[in-house]
Structures are given as C-alpha cells and as structure tokens.
Amino acid sequence: MRWTRASRSAGVPSGVRIASRPPRGRLTIVAFILLFALLLSGAAPEKHLSVYSVAANYSLPLVQRDGREYVGLIEVLEPLGTVSGKADGLRWRLRYNNVVGEFQHGKSHARIQGLDSDLHAKFLLENKRGLVPVAALGSILPRILGGPVTLHEESARLFIGSVATHFTASLASADPPRLVFHFSAPVNPTISTEPGSLHMTFNREPLVAPASPTLTFGNRAISTANYGENNGAAVVTVSASIPLMATFSSDGRTITISSPGATSQNIPPSPPGPQVTTGTAATVPAPTPPAAPVSRRYFAIVDASHGGSDYGETLSTALLEKDVTVALARSLRQELESRGITTLVLRDSDANVSLDQRALVANANHAAIYIALHAASSGHGVRVYTSLLPFGDDDRGPFRSWTTAQHASLQLSRTAATAIAAELQRRQIPVRAMGAPLRPLNNVTGPAIAVEVAPQGSDLSQLLAPDYQQLITSAVATAIAATRDQLGVAP
Ligand SMILES: [Zn+2]
C-alpha cells in the first residue's frame, strides 16, 4: 500500500475531514477534530510497516506467522529499485539491482551476495511470495541496499538512510497558551482531540523522538507533549486542561496548538469556512487569512545554536556544542525570568532548526533582544558578537533585504553587547566584543547578539558545570535587565 494511492487512515469514516496540507493560496488551515471520530469504526487496525526513504515513503501490510510479524520482501524493495523473486521448489532467489539473495523455506539463514545472513526466524515461501520476519530487515537490508537502515521493530517503522524528521516544541505565549511545533521537514499529521489531550498522528512522516520523549512547558493550561510510536506511526500527544486546536502553517513545518477561543489575539478571525459534522464529531477546517505578525509576547529570545544533525563543535569526545548550548539557554532563561524578563528558548530539544527558521521566529515575535548561544573549546571566557553586515545589498522598496535585515537595529545590538561585556568584565570573566559575519544575526530585524562561551582555562568540563554556566548567564541577564529600557518596552 502506497500512501500516494491509499486512503489516509483506515479508521476514519468518510465525511470526516482530516487536517490536510492547505491548498495552494491558502496560508493556514485550522482543524478541530474529536477523537470520537476515530473511534466510530470499531475494527481493529490492520498492522502495517512504515518505510521511510529518500525515494518514497510507503506503508506495507504485515502478516502474523508463528506469533511473529512478517512482510513480503519484494514489496519492501519494489519502490527502491529493480527487484524480482524466483521460486524453485523450496528455494527462492531474490535479485535487487545487482544484488543476489538466496532464501529457503523454513530456514532462518539466507545468503546475500554470498554472505550468511541471520533472519532471526524462518523464511517463508507462500504462493511463491517470499516472506521475511520484520526483525530481519535491520540486518538484511543494509546488505541488499548497501547503506544504513534503522529499524524500530516495536513500532514497525523502517528508516532507510538519513531521512529522520526532527521537531521542537515551545510555548510562544503563556496566556492564552500557544504551543508552537517546528519540524525539520513539512509534515501533515492527522489531528484528533479528546478531553484533556490533542493527538497528532504522523503516519507518513519519518518523525523521530526529541531528546526526551516528554516535553514539559511549566504552563497550567498546556502542561506536556509526549512522543510515542505505535503500529507504523509516530504520535505526539499534547496534554492540556483546556480545549485545543491545531493550526498548520503554509509550508507544513509549523503547527501551532492553542485554545479555539483564544486565537483571536494573535491570528485574525477566520472567515466562515466549510463545516462538516458527523454525529457529535465535528471537523472545522476553516481557512484563515495570512497570519499577521504575532504581537510581541517575549522580551528575549534565547537561541540554543546548532542541534539535531548539526552538532556544532565537537568540544571533546563526550561533549558536543549542541548539548552545551541547550544547557546554557535554559540557564539564561532562568536568569532572565528571575529578573522579570519574559524569555522564549528557541530550541529546547535536540532538533534540527535552520538558521532561516531561527531568524524567522525572532522576527515574527518582535523580541526586544535575540541572543544566540554558542560554545567553544578554544579561547578563554566569553566572546560577544554583533552582526557584520555585507555591503551593497540594500533594502528595495517596502522589502527589507534578508542579508541586511539587521541594519536598522545594529546600534541597539552593540549597546546590548557592550553592556554584557562590561558586566562580564566587572565579574572578572575574560571577554571580547566584536563584529562577525555570523548567521543568523544578519537576518534578525531587531537587536541581536551572539554569546560564545569557552572555558576559563583548559578544563572543557567547565562548559557543562552549572555554576560556571550561571556565572556567565547571570552576568548576561543583569546586563540585559540594565538596558531593557533602551532595547524596548517589555510586554
Ligand atoms: Zn557554534
């Protein structure tokens, strides 16, 4: 079964619309569905394997034999290359591109390119169709395909090559609560809700778990988001004490979870849209006009640089810059908030977030200050960077050039950087302030700086020491608090 041809979800009765990718020309779609809709069909869901690859994402039915899950090997390989299978008595010969595999009915070993391969359970030949245990795919496919394969056996999800989609979730505002999910690639989950939770089910997307499967937000209305996998799908469940709905961005990379009654503050009211109801289950896909710039909700945006497959600097064999920056960001948020400065941490999990996305979030929030955090093994103490703008790429008409978006705010950025350097110096931490062509500083329209933290001496473990982190983040927070009137009026 290919998703491109298959119906979206076996359990959904016809007539119930599922949040779908918005049609061209519509920027957002609001979907509000009750889980009840999914429960209307009582049939047990068919078990299937989801396969994610650069060539195609697809879903295959699984069959149970001797208490194990089996899948047709030809079906697994067919979307990926030229494949054929030939039965000869109890023997079965597989050909995939130039690779040859020899299988035998009832035998738990096969030969692939002449090498013995353990199948973990018996190979089965049924009506000339070669069936292999799902558990064997993780070991035999790398040999057949000649590349890395990751099998999530429990949840029947198979990742061929580096295809994972990562995500982050953070509260964009606390009251009314708005939880924003950013994805490293476009997604189109089915949305369902029940009292106390909203589920996003990703059947076709190679979504993988964040660093911690449970994300907590410290908000009374929206408390946590949980990641789980089951039967070929990834499911993110948002727990809340209020009704929730999901809003999709036009590029499919952002989903905002908020209360249906509370969106008017940030998103213009929707024009009347088509409404579909099925019994007590209601779906309201209401097209909305382009989202207006979000009103300022946060004074500071703290960006934990790097993340996901971007490790940043490998500080030591056990220490990656992307992990140090998240710890620094959380420490800085605490220091800022204890000084009454509302703060959003832009990357609070191990996700891929592009530099453009980071700048877009900062610009959309109209934060009074954007602070990117970096860590380094070389140099001593702290470096504070402001943008070094390129020449000759000026704004044209009403459009602000992306590469020089920082231009109008550069003076304020330098004010903040100078204040931070002075405060660090006062606390006897070595510090340098300088301009650097460091992205995404150039692309941020408001005041923007980057703070790079190195150990004071040669001891790299200092970078993860909470007291050293706090020594620096408290100095940064004190300087930001001292210049807050210049930077802007806090919300
Ligand atoms: Zn860095």
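Some ground rules come first. The model is predicted, so local features are reported only at pLDDT of at least 70 and side-chain atom pairs only at pLDDT 80 or more, while totals for chains, interfaces and linings use all residues. Residue numbers start from 1 along each chain as its sequence is written, and side-chain values use heavy atoms, with hydrogens and water left out.

**Overall picture**

The chain has eight helices and 34 strands; helices (H or I, at least four residues) and strands (E, at least two) are DSSP runs, numbered from the N terminus. Of the 491 residues, 52% are buried. Here buried means under 20% relative accessible area, exposed means over 50%, and partly exposed lies in between (1.4 Å probe, protein chains only). Contacts are counted when heavy atoms come within 4.5 Å. Among the contacts with a separation of 6 or more, 65% join residues 24 or more positions apart.

Serine 50 and alanine 233 are 183 residues apart in sequence, with their C-alpha atoms 7.3 Å apart in space.

**The zinc site**

Which residues coordinate the zinc ion? The donors are His306 through NE2, Glu321 through OE and His374 through ND1, at 2.0 to 2.1 Å. Donors are N, O and S atoms within 2.8 Å of the metal (3.2 Å for Na, K and Ca), and water is not among the atoms, so sites may look incomplete. Along the chain, the spacing of the zinc donors reads H-x14-E-x52-H. Glutamate 321 in helix 4 and histidine 374 in strand 31 (residues 369–375) are 53 residues apart, so this pair links distant parts of the chain. Glutamate 321 has a relative accessibility of 4% and is therefore buried. Histidine 374 is buried too, with a relative accessible area of 12%.

The axes are lines fitted to C-alpha atoms, for helices over the stretch in contact, and angles run from 0 to 180 degrees between N-to-C directions.

Helix 4 (residues 321–337) and helix 7 (residues 466–482) have axes that come within 8 Å and cross at roughly 45°. That makes helix 4 oblique to helix 7; angles under 35 degrees count as roughly parallel, over 145 as roughly antiparallel, 65 to 115 as roughly perpendicular, and the rest as oblique. The crossing is right-handed, meaning that the near helix is turned clockwise from the far one by less than a right angle. The contact includes Val324, Ala327 and Leu328 of helix 4 and Thr473, Val476 and Ile480 of helix 7. Its residues divide into eight nonpolar, five polar and one charged. In this scheme Ala, Val, Leu, Ile, Met, Phe, Trp, Tyr, Cys and Pro are nonpolar, Asp, Glu, Lys and Arg are charged, and the others, Gly among them, are polar.

Helix 6 (residues 410–426) also meets helix 7: their axes come within 8 Å and cross at roughly 130°. Helix 6 is thus oblique to helix 7, and this crossing is right-handed. Helix 6 contributes Ala419, Ile420, Glu423 and Leu424, while the helix 7 side includes Ile472, Val476 and Ile480. This contact holds eight nonpolar residues, one polar and one charged.

**Backbone spots to check**

Most residues other than glycine have a negative phi, and most peptide bonds are trans. The table lists some exceptions.

| Site | Backbone feature |
|---|---|
| Aspartate 175 to proline 176 | cis peptide bond, omega near 0° |
| Arginine 439 to proline 440 | cis peptide bond, omega near 5° |
| Lysine 128 | positive phi, near 65° |
| Histidine 366 | positive phi, about 50° |

Proline 176 lies in the loop between strand 15 (167–174) and strand 16 (177–183), and proline 440 in the loop between strand 33 (431–436) and strand 34 (448–453). Lysine 128, in the loop between strand 11 (124–126) and strand 12 (129–133), is exposed at 67% relative accessible area. Histidine 366 is partly exposed, at 38%, and lies in the loop between helix 5 (355–365) and strand 31.
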